[in-house]
Amino acid sequence: MAVKVQQEDFDPGAEIGALTAGNHAIGGVASFIGLVRDMAKGEQIGAMTLEHYPGMTEKMLAEIEAEAHKRWPLDASLIVHRYGRLEPGDRIVLVVTASAHREAALESCHFLIDWLKTKAPFWKLEETEDGNGSWVDARDSDDAAAERWKRTDPGKAAE
Amino acid sequence: MKILYFAWLRQRTGIDEEDVAVPAEVTDVAGLIDWLKTRGDGFEEALQDVSAIRVAINQEFATLDAKITPGDEVALFPPMTGG
């Protein structure tokens, strides 16, 4: 399990390679990469700044990662989340999960990105022409995406 | 007590972090927010809609009825938009 909160960009291939190197019990690796889009609510976006709560961010990411390991048999996992000023096309977040089999890797990766969106203390400020910026509103669809993992506990699905 | 403000709460109060001596009668998060509101226009504006505010005490999510003590670190922020 590893969490990195950083300003600088990351290399997904290098991160995945380092995470799984030497562990031949791993049969499947799933990853999700979040990028900055150039449109929001039909408006063109120049750039955005991601603010976070140092200390609590790392703690919350470690907690949700530990929750994923409780629910699925994972051999390795990694969350990298950037902060600071980002431009359209830039990578924001990387989630990687590795397991003996694909189901655990794919499901836990999906779980982590859904939970991260509603539980990790990050806030996006989009740059606007007037220079004041506009704080991105939390979306109900993100809450709903996080909520469905509360109802589904794969560890108990067979009971 | 250490109070932290993030995102638009930081912008509207004009403060990112402060140490405050909270009156003894303020014992929970809801009471703290009511007291902070009396400290000026920026605070009143930032804190008027409590439903739009999320709270963490010592870096753990907390509800409005959670108890607070003088040594706590209390953070006030809007719903999160990472990922």
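1. Let's start with one residue. E15(A) has a relative accessibility of 14%, so it counts as buried, since the cut-off for that label is under 20%. Keep in mind as you read on that this is a predicted model.

2. Where does E15(A) lie? You'll find E15(A) in helix α1 of chain A, which covers residues 12–20. And what is E15(A) in contact with, once neighbours within four places in sequence are left aside? The list is K4(A), F10(A), L78(A), V80(A) and L94(A).

3. Next, have a look at a sheet in chain A. Four strands make up this open sheet, and reading across gives the order β7-β5-β9-β10, with antiparallel pairing. The edges are β7 (84–86) and β10 (134–135) of chain A, and each of them pairs on one side only. As background, strands of a sheet pair through backbone hydrogen bonds, and they can do this parallel or antiparallel.

4. Zoom in on one end of that sheet. Strand β9 of chain A (residues 122–126) is joined to β10(A) by two bridges, and the two run antiparallel.

5. Now for the place where the two chains meet. Chain A puts 26 residues into the contact and chain B puts in 20 residues. Together they bury about 1900 Å², with 57% of that on carbon and sulfur atoms. Which residues of chain A lose the most area to chain B? They are Y53(A), W123(A) and W135(A), which together account for 35% of what the chain A side buries.

6. How many salt bridges are there between chain A and chain B? The count is two. R10(B) forms a salt bridge with E51(A), and their closest N and O atoms sit 2.5 Å apart.

7. What does the chain A side consist of? Elements giving two or more residues to it are β5 (48–52), α2 (56–71), β8 (91–99), α3 (102–119) and β9 of chain A. By residue type, the side of chain A that touches chain B divides into 14 nonpolar, five polar and seven charged.

8. Last stop, chain B. V22(B) is in the loop between β2 (17–19) and α2 (29–37) of chain B. Not counting residues up to four places away in sequence, V22(B) touches M1(B), L32(B) and W35(B). V22(B) and W35(B) are 13 residues apart along the chain, and 8.2 Å separates their C-alpha atoms.

Terms used. Residues are numbered from 1 along each chain as its sequence is written. Chains are lettered from A and ligands numbered from 1 in the order in which they are written. This is a predicted model: local features need pLDDT of at least 70, side-chain atom pairs count only at pLDDT 80 or more; totals for chains, interfaces and linings use all residues. Side-chain values use heavy atoms; hydrogens and water are left out. Buried means under 20% relative accessible area, exposed over 50%, partly exposed in between (1.4 Å probe, protein chains only). Contact means heavy atoms within 4.5 Å. Two strands pair if DSSP finds at least two bridges between them. Buried area is the accessible area (1.4 Å probe) that two parts lose on being put together, summed over both. A salt bridge is a side-chain nitrogen of Lys or Arg within 4 Å of a carboxyl oxygen of Asp or Glu. Ala, Val, Leu, Ile, Met, Phe, Trp, Tyr, Cys and Pro count as nonpolar, Asp, Glu, Lys and Arg as charged, and the others, Gly among them, as polar.
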